[in-house]
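Thank you all for coming. I would like to take a few minutes to walk through one structure, beginning with a group of rings and ending with the open space.

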Amino acid sequence: MPEPSDTAAEAPAATTSGASIELENLTKRYPGNPGPAVDNVSMEIKAGETVIFVGPSGCGKSTTLKMINRLIEPTSGRIRINDEDVTDIDPVKLRRKVGYAIQSSGLFPHMTVAENIALVPKMVGWSKSRVKDRVEEMLDLVGLDPREFHGRYPRQLSGGQQQRVGVARALAADPPVLLMDEPFGAVDPITRDHLQDELIRLQHELHKTIVFVTHDFDEAIKLGDRIAVLRERSHIAQFDTPEAILTNPADDFVSGFVGAGAALKRLNLTRVRDVEMAGVPTVTVDDPLQSIFNKLRSGPHNELLMLDRRGRPYKWLRRGDLMRAKGSLARAGQLVHDTVTRDATLHDALEAVLIDSGGRVAVTGRRGEYIGVVDMETLMNSVHELLEADRLAAVEHQHDLEETRHHLTEQELEGSEGGAGG
């Protein structure tokens with residue numbers, strides 16, 4: 001039997017980027033409830049933008065998200081995606097064009113990883129060969145080896161791996177819009193940080209339009225191009241960039257979300273890739289002991305980093321460790337317990353450095369390969385630069401306010417003089 005033709009759909013996946021989203025007077029009422037769950041929400045989201053909905057539990061943020069792909073039907077209002085009104089089209093067809101990732105991944109337990117990812121591409125009529133290629137491409141994109149994970153079932157994966165597969169499934173049919181409802185809320189903090197970094201890296205490559213729900217303001221700052229801080233019934237308290245919300249919250253409600261330590265939260269707005277990384281000498285597990293000893297003894301550094309056979313950080317070795325090695329490195333050195341990626345924030349890097357006895361953390365690429373090192377000195381210099389930039393911005397803002405007040409005062413004086421002369 002011939003496979004279905006894909007015609008225009010056979011274009012490379014990378015050609016599809018984000019789509020604009022417009023919510024107009026969106027309202028949801030449930031029978032028996034006196035007030036609406038979501039009340040008259042209007043919002044414009046730009047193509048390729050990551051927008052975060054953040055607010056207290058029960059404020060309607062997930063309901064608003066689910067109305068975009070009509071998992072929940074709006075009572076009134078309009079939804080436009082790329083200027084197309086989707087309120088009246090077939091909701092099933094709409095959902096196939098909108099990626100959706102939820103907490104605990106939502107994978108089908110009776111399907112393999114490959115079958116889960118292939119689900120929507122098969123539904124929309126992709127050919128078998130294209131579906132197969134796309135599954136491998138998606139696994140590679142989220143940092144999972146296709147040969148290792150293709151045939152596994154969800155129960156055989158860790159929580160973090162399941163979430164990666166969930167994101168791969170949501171992106172498999174190359175939708176312009178990705179909706180994410182607290183997708184990383186059920187994993188441990190370290191895995192959550194790595195998944196957030198992975199999403200930032202993916203968005204750097206794909207430029208989708210992402211609408212992401214969370215109750216964690218630090219996560220919102222880290223991920224969002226813009227943040228919508230929502231009150232009850234999804235009323236928008238402030239919809240702005242993370243920088244603007246941190247430095248100029250609209251009211252006490254927003255200030256409550258920002259919380260204490262706004263200057264420290266600014267560290268969530270700068271990535272490791274934006275700062276200069278240090279370097280340390282590296283060796284591999286296959287290098288002879290004598291060559292490792294010679295490299296450490298002859299160089300200016302008092303430690304070096306041992307990499308495994310795949311180029312990933314494995315152990316920190318110091319001169320004293322080699323003296324005690326006695327012909328074997330099996331028990332020498334300190335295992336690398338934590339690393340950060342280039343897309344990690346300076347806040348993540350600072351946490352890793354503070355808990356590391358050596359005051360540094362290795363930086364890795366998408367496959368875990370070693371790239372460089374970030375140390376306390378680099379981070380402290382970056383913090384000082386951020387604080388100085390904030391101080392200058394505040395002085396400039398104050399100057400603008402004084403100029404505006406002075407101009408208004410002059411206008412009032414001119415008006416009163418004109419009235420008196422008349």
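Predicted model: local features only at pLDDT ≥ 70, side-chain atom pairs only at ≥ 80, totals over all residues.

**Rings, sheets and pockets**

Let me begin in helix H10, where phenylalanine 253 and phenylalanine 257 both lie, four residues apart, which is about one turn of the helix.

By the rule applied here, the chain has three aromatic pairs. One of them joins phenylalanine 217 to phenylalanine 257, and this pair is tilted, with 6.5 Å between the centres and 50° between the planes. Phenylalanine 217 belongs to helix H8, residues 217-223, and phenylalanine 257 to helix H10, residues 252-258, so the contact ties together parts that are 40 residues apart in sequence. Both phenylalanine 217 and phenylalanine 257 are buried. Taken together, ring pairs link Phe217, Phe253 and Phe257 into a cluster.

In general, the strands of a sheet pair through backbone hydrogen bonds, either parallel or antiparallel. Strand S12, residues 303-307, and S13 pair in the antiparallel sense over five bridges, and they belong to an open sheet of four strands in the order S11-S12-S13-S14, in which the pairing is mixed. Strand S11 (282-284) and strand S14 (334-335) stand at its edges with a single partner strand each, so one side of each is left without a neighbour in the sheet.

There is another open sheet of four strands, in the order S2-S1-S4-S5, and here the pairing is antiparallel. Its edge strands are strand S2 (38-45) and strand S5 (84-85), each of which pairs on one side only. Within this sheet, strand S1, residues 21-28, and strand S4, residues 76-81, pair in the antiparallel sense over five bridges, and leucine 23 stands opposite isoleucine 79 in S4.

Now to the open space, which may be the part you wish to look at on your own screens. Where does the largest share of the lining of the largest pocket come from? That share is nine residues, and it comes from H7. The pocket itself has a volume of about 1,100 Å³, and it is lined by 36 residues, of which Arg164, Gly365, Arg366, Arg367 and Gly368 lie nearest its centre. The elements that give two or more residues to this lining are helix H5 (146-149), helix H6 (159-171), helix H7 (189-206), strand S13 (313-318) and strand S15 (339-341). By class, the lining of the largest pocket divides into seven nonpolar, 13 polar and 16 charged residues.

The second largest pocket has a volume of about 460 Å³. It is lined by 20 residues, and the closest to its centre are Arg95, Val98, Tyr100, Val120 and Arg169. Helix H2 (91-96), strand S6 (98-102), helix H3 (113-123) and H6 each supply at least two residues of this lining, with the largest share, four residues, coming from S6. Its classes are twelve nonpolar, four polar and four charged.

Let me finish with the chain as a whole. The protein chain contains 15 helices and 17 strands, and its C-alpha trace spans about 95 × 75 × 40 Å along the principal axes. Of the 422 residues in the chain, 45% are buried.

Note on methods. Residues numbered from 1 in each chain as written. Heavy atoms only, no water. 1 Å grid on protein atoms, 1.4 Å probe; cavity = no way out; pocket = protein on both sides within 12 Å on 5 of 7 lines; lining within 4 Å. Points joined across faces, edges and corners; volume = space filled by probe spheres on them. Nonpolar A, V, L, I, M, F, W, Y, C, P; charged D, E, K, R; others polar. Phe/Tyr/Trp six-rings, centres within 6.5 Å; stacked < 30°, edge-to-face > 60°. Buried < 20%, exposed > 50% of the residue type's maximum accessible area, 1.4 Å probe, protein only. Pairing = 2+ DSSP bridges.
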